[in-house]
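Subject: Structure for your review

Dear colleague,

Please find below the structure that I would like to hand over to you. My notes on what was found in it follow directly after.

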Amino acid sequence: MFENLTERLSRTVQQLRGKGRLTEDGVRDTLREIRIALLEADVALPVVQSFIQGVREKALGQEFLKSLTPGQAMVKLVHDELVQIMGVQNEALDLRAQAPVPILLAGLQGSGKTTTTAKLARLLIEQEKKRVMVVSCDVYRPAAIEQLKTLADQVGAIFQPSTAGQKPADIAKNALRAARQQMCDVLLVDTAGRLHVDEEMMAEIRQIHAVISPHETLFVVDAMTGQDAANTAAAFNQALDLTGIVLTKTDGDARGGAALSVRQITGKPVKFLGSGEKTDALQPFHPERVASRILGMGDVLSLVEEVHRKVDQKKAEKLVRKMRRGSGFDLDDFRSQMEQMQNMGGLGGLMDKLPGMSNLPDNVKAQVENHQTRQMIAIINSMTPQERRFPDVIRGSRKKRIARGSGTQIQAVNRLLKQHGQMQKMMKKMGKGGMARMMKKMGKLQGQLPPGGFPGGGAGGKMPF
Amino acid sequence: MLRIFRKNKKKPGEVQDVQLRPAEQSGQDLLEKRLEDTRRQLGKRLGALLSNRSAIDDELLEEIETALITSDIGVQAALEITGNLQAAISNKVITQAKQVLPAVQAELYELIEPCEQFLHIDEAHRPFVILMVGVNGAGKTTTIGKLAQRYKEEGLSVMLAAGDTFRAAAVEQLKSWGDRNDVPVIAQGSGADSAAVVFDALQSAKARKIDVLIADTAGRLHTQANLMEELKKVHRVMGKLDATAPHEIMLVVDAGTGQNALNQAREFNKAIGLTGITVTKLDGTAKGGVLFGIAHELGIPIRFIGVGEAAKDLRPFDAGSFVNAILPID
């Protein structure tokens, strides 16, 4: 997401680089370009207007016009203005209330409420160690309750049954009681999708809201939404007094303008991004980083955090210990490294967050990650443990067998062995103090990364491809 | 990508009966009236601008540009249209304020009218196979339910194929629609191969001499290469039983979608070749202006628009009233 907007804005701003002072005309042209870029990214018109107004006022100030590096100054201005709209830092869910903390999810049809409910439940269970109950108040869409039940089973949440014959407000009230009895920490209340112009339905959700008085009321909105985001966000915010926003389907190629619109119009923070079909594809939203990403600076911090979360710490430590001892980086290590990378959404997911990588077409990324990595893992799987430990024993007939076993060609086996050889060399270098240096660099990037929690090839080192 | 939901094979459960939304119970009239109101507001505003003066001024042009942009028509298209308008004014082709709106309307109408092509169920093909595709949450399953009722009421025999084997309870959702309309639904457990379900359904529809077979598929973002491949497979497999099937490949688009809908249409079209579009959720304040872009670039026929919860609210696309909703003349 955000790539197209990124491209457009950085192109506009780049035109300013290398120029001397900015004239008022220059500012006006740049602002026109930015206006078009934002509108093309589906930012709602009123939001664009106030954004441009904000930048214009500052850009025409004396300080700015005197700046000798107008490109840089403009980047900073746009960046600051974006940050100002998006909010400064991530705002987490506020769970500081008497348990069970009720959380209400609302939104239009098909925005992704039920999937988000499941993802949120999983996040609270796994990362916050909460006891979570979910309940569905959708008595209209066929099999909506069934859908939540299936998902609840998958993520290990307690499912509070409801039936389509009940009144939504009663379902919510009963669920709150049940959650209290079953000592749950959090109650997630999923609701039916509704149009903001449907007064009866809006009255219904106000009633649910009144009955459970949720501590958090999240508005779930599709990242692909266009100009209408302005109308719906305003209407829901007025009806429900939202506390936060969840932006869904951000893994597509939408330009993400809805994030800006909804944030600006409701004044409420975007708390999470939904970014995939798996139930763990829900990330806390970091506005500052997104603003940088929009301007093409990459989201390295998110990357570091993701690596930290998904890399199996034990395996990583084992690898580091092994390397410290000076023993080799064998094919088993190579494989576990590739598997860990796949866990992080593969190379495609990583590249997305690196500066300048946004221009690669998605299908190229997908091919890189799926085909190559899977093939390499298959090749290693076809080896005996001895071969994995001592790759040097792999000669002609063994290669033939391995190629057959993994359904590949001998050339692919050769390629893998060669890559592994290179990796091994690199690892050796790092073993002799290089690793420590690299960790230090990473540590600066983010203070909380523990020493040794980073396998060489994960993100900082050379990719194995 | 691993898709963990798919591993969870599960027998389809019991179908739940659901409640009608208040708008369905009370008939559609109330909701429709409210919609009229929101649309008329824009018409009034434009009308007021016109009645106060006979000369054309910037305020009027700006108001038109705003109306176009907020309809999701796309900023380039909006600028082009207002640019043409300005040219026509300076060339004295348009001299009076009251000529402005009709001129823009005509331009919009011309753009989208070629796409007003009703979906004709060709009796030469039996079953006539409709494959529904689209991104997550566009409204595929609901549209299928409404289509099933529509064709059933026309006296055709209808069968549904539960090709969305991925999303939890999607099979049950479709079965519920089938039960409501007394239409058979061919399904396997969730986690089954979508192509296999569709193949099964086509075989069975042929055997039972069904008139219309509507196949559901899982929602997928058009950027996911693997899932687009899966869709091609569904298409291929059908061809083994009937070389002409599917006879309609219908993209379902949410009217609230912005410029991304153009990418969706482009990518789905590239993958399996679309023959029709249905626009859902036009009963809110979303205008679906991005359809102009799709019409301009791809020219895919627009078959139906969804303007409400009830089955009768799935209406054949009408270019004239669509344009009038975007730029109303009061």
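Glu230(B) and Arg220(B) form a salt bridge in this predicted model, with 2.9 Å between the closest N and O atoms. Glu230(B) belongs to helix 10 of chain B, while Arg220(B) sits in the loop between strand 4 (212-215) and that helix, and the two residues are 10 apart. Both Glu230(B) and Arg220(B) are buried.

Helix 10 of chain B takes part in another such pair. The side chains of Lys233(B) and Asp193(B) meet in a salt bridge at 3.0 Å, N to O. Because Lys233(B) lies in helix 10 (residues 225-241) and Asp193(B) in the loop between strand 3 (185-186) and helix 9 (194-207) of chain B, this pair ties together parts that are 40 residues apart in sequence. Lys233(B) is partly exposed, at 33% relative accessibility, and Asp193(B) is also partly exposed, at 32%.

In chain A, Arg194(A) forms a salt bridge with Glu204(A), the closest N and O atoms being 3.2 Å apart. Here the link runs from the loop between strand 4 (186-190) and helix 9 (199-212) of chain A, which holds Arg194(A), to Glu204(A) in helix 9 of chain A, 10 residues apart. Both Arg194(A) and Glu204(A) are buried. Over all chains, the structure holds 23 salt bridges.

A cis peptide bond joins Ala99(A) to Pro100(A), with omega about -5°. Pro100(A) is in the loop between helix 5 (70-86) and strand 1 (101-107) of chain A. In chain B, a cis peptide bond joins Ala245(B) and Pro246(B), with omega about -10°; Pro246(B) is placed in the loop between helix 10 and strand 5 (248-254) of chain B.

Positive phi values in residues other than glycine also occur. Asp241(A) has phi near 50° and is found in the loop between helix 10 (229-240) and strand 6 (244-248) of chain A. Lys281(B), with a positive phi of about 60°, lies in the loop between strand 6 (276-280) and helix 12 (290-297) of chain B. Are these two residues buried or exposed? Asp241(A) counts as exposed because its relative accessibility, 53%, is over 50%. Lys281(B) counts as buried because its relative accessible area, 16%, is under 20%.

I turn now to the interface. In it, 55 residues of chain A are in contact with 60 residues of chain B. The two chains bury about 4,900 Å² between them, with 55% of that area on carbon and sulfur atoms. On the chain A side, Pro142(A), Met224(A) and Glu277(A) lose the most area to chain B, together 14% of what that side buries.

Which polar links cross between the chains? There are 12 residue pairs in polar contact between chain A and chain B, and 1 salt bridge is found across the interface. The side chains of Arg35(A) and Glu65(B) meet in a salt bridge at 3.1 Å, N to O. The elements that give two or more residues to the side of chain A that touches chain B are helix 2 (24-40), helix 7 (144-155), helix 9 and helix 17 (362-381) of chain A. Helix 7 of chain A provides the largest share of that side, 6 residues. By residue class, the side of chain A that touches chain B divides into 17 nonpolar, 19 polar and 19 charged residues.

With kind regards

Notes. Residues are numbered from 1 along each chain as its sequence is written. Chains are lettered from A and ligands numbered from 1 in the order in which they are written. This is a predicted model: local features need pLDDT of at least 70, side-chain atom pairs count only at pLDDT 80 or more; totals for chains, interfaces and linings use all residues. Side-chain values use heavy atoms; hydrogens and water are left out. A salt bridge is a side-chain nitrogen of Lys or Arg within 4 Å of a carboxyl oxygen of Asp or Glu. Helices (H or I, at least four residues) and strands (E, at least two) are DSSP runs, numbered from the N terminus. Buried means under 20% relative accessible area, exposed over 50%, partly exposed in between (1.4 Å probe, protein chains only). Contact means heavy atoms within 4.5 Å. Buried area is the accessible area (1.4 Å probe) that two parts lose on being put together, summed over both. A polar contact is a pair of N or O atoms within 3.5 Å; within protein, one must be able to donate a hydrogen and the other to accept it, and residues adjacent in sequence count only if both atoms are side-chain atoms. Ala, Val, Leu, Ile, Met, Phe, Trp, Tyr, Cys and Pro count as nonpolar, Asp, Glu, Lys and Arg as charged, and the others, Gly among them, as polar.
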